[in-house]
Amino acid sequence: RALARSSLDGAMQSDQPCCFFVRLLEPHDPCVCGHEAYKKYDVDAIELPDNFADELADKPGLYRKAARTFAHLSDQQKREAMACYWAMVTEIDDQNGRPVDQLEASGQLDNTIIVLSSDHGELLGAHGLYMKNISAFEEVYHIPMLVAGPGAAAGATSEARVGLHDVGPTLLDLAGAEPMDTEGQGRSFASALADPRANDRDFTVGYAEYFGSRFWLTQRVIWDDQWKLVWNWFDEDELYKLDDDPQELRNRIDDPACADVAQRMMKQAW
């Protein structure tokens with residue numbers, strides 16, 4: 001910590017531009033936190049989302065198999081796990097504030113672009129599942145990204161669908177540097193940062209892929225506005241309309257009314 005603080009202090013005293021990357025493992029399973037952060041949350045008052053009771057009847061069998069691992073947990077234990085995870089986030093938030101405080105004290109905060117995000121989310125009981133290795137639910141993939149600094153509208157929220165592969169091109173764009181050759185694998189979302197609501201329509205399509213870890217599986221995920229297709233090599237596919245069904249309780253892949261949507265999105269996948 002002392003070395004990192006010294007390096008940041010030295011960089012802020014230089015006239016040269018610099019980039020710092022801070023990687024923290026937490027929040028991550030197992031959900032172990034300190035008592036001070038944990039007691040900030042009223043465990044008994046935590047409401048369990050509806051999808052905690054999802055029986056997964058219309059979803060791949062692998063999901064149901066994975067859910068059996070956690071079927072013994074009581075509702076109170078699920079609330080305690082949620083509180084522990086949130087407490088871990090609280091502790092990490094405190095740590096994230098330290099370099100921001102340094103930047104502010106040095107007078108460089110307004111000259112710095114700050115990006116806070118993660119590589120994945122945590123199911124934390126959604127659909128009866130934990131961690132992130134099984135399923136393509138939004139709790140795993142729809143992770144927040146905070147961007148602050150020159151070029152980013154203050155206090156604004158955007159629904160633009162972007163990915164971590166877009167961060168490099170965006171930072172170079174914001175810094176006025178030469179663009180990187182991404183060969184179509186990433187693009188700048190600086191326009192969405194400058195005017196979030198006006199540019200949401202330009203960032204409605206998303207794509208992800210997964211090859212498994214504990215289990216060998218192949219999975220593709222396509223988002224197009226409010227529709228989401230999960231193309232599962234190992235079992236039945238999934239189709240959700242997120243504005244009508246944000247907790248992904250109804251798989252509409254076999255709904256005749258959605259056949260045209262499923263076909264169109266499968267073409268996108270191919």
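Predicted model: local features only at pLDDT ≥ 70, side-chain atom pairs only at ≥ 80, totals over all residues.
## A buried tyrosine and its partner

Let's start with Tyr130: at 12% relative accessibility, this residue counts as buried, since the cut-off for buried is under 20%.

How are the rings of Phe70 and Tyr130 arranged? Their centres are 5.1 Å apart and their planes meet at 55°, so the pair is tilted. The two partners come from distant parts of the chain, 60 residues apart. Phe70 sits in the loop between H3 and H4, while Tyr130 belongs to the loop between strand E1 (114–116) and helix H5 (138–141).

## Other aromatic pairs

Tyr141 and Trp223 make an edge-to-face pair, with 5.8 Å from centre to centre and 65° between the planes. This pair also links distant parts of the chain: Tyr141 is in helix H5 and Trp223 is in strand E4, 82 residues apart. Are these two residues buried or partly exposed? Trp223 is buried, with a relative accessible area of 7%, whereas Tyr141 counts as partly exposed at 24%.

Ring pairs also join Tyr63, Phe137 and Tyr240 into a cluster. The count of aromatic pairs comes to 6.

## The nonpolar cores

The largest nonpolar core has 27 residues, and the members that touch the most others are Tyr63, Leu123, Leu129, Ile134, Phe137 and Val221. Helix H3 (61–67), H4, strand E3 (205–212) and strand E4 (216–224) each supply at least two residues of this core. H3 gives the most, with 4 residues.

Setting aside residues up to four places away in sequence, Leu129 touches Tyr63, Ala66, Ala67, Phe70, Leu123, Leu124, Ile134, Ser135 and Phe137. Phe70, the ring partner of Tyr130, is thus also a contact of Leu129. A second, separate core has 11 residues, including Trp227, Leu229, Ala262 and Ala269.

## An arginine without a salt bridge

Arg79 lies in helix H4, which covers residues 75–106. This arginine is buried yet has no salt bridge. Which side chain of opposite charge is nearest to Arg79? That is Asp75, 4.8 Å away, and a salt bridge calls for a side-chain nitrogen within 4 Å of a carboxyl oxygen.

Leaving out neighbours within four places in sequence, the contacts of Arg79 are Val43, Asp44, Ile46 and Leu48.

## Helix H6 and its buried face

Helix H6 spans residues 167–175, and its buried residues are Val167, Pro169 and Thr170. Why do they line one face of the helix? Seen down the axis of H6, the buried residues fall within an arc of 160°, so they share one face. Helix H7 (190–194) is part of what covers them.

## The chain as a whole

Stepping back, the chain has 9 helices and 6 strands. Its C-alpha atoms fill a box of roughly 60 × 45 × 35 Å, taken along the principal axes. Of the 270 residues, 36% are buried.

Among contacts with a separation of 6 or more, 60% are between residues 24 or more positions apart. The Phe70–Tyr130 pair, 60 residues apart, and the Tyr141–Trp223 pair, 82 residues apart, are two links between distant parts of the chain.

Key:
Residues numbered from 1 in each chain as written. Heavy atoms only, no water. Buried < 20%, exposed > 50% of the residue type's maximum accessible area, 1.4 Å probe, protein only. Lys, Arg positive; Asp, Glu negative; His and termini not counted. Contact = heavy atoms within 4.5 Å. Core = buried A, V, L, I, M, F, W, Y, C linked by side-chain atoms within 4.5 Å. Arc of directions from axis to C-beta. Phe/Tyr/Trp six-rings, centres within 6.5 Å; stacked < 30°, edge-to-face > 60°.
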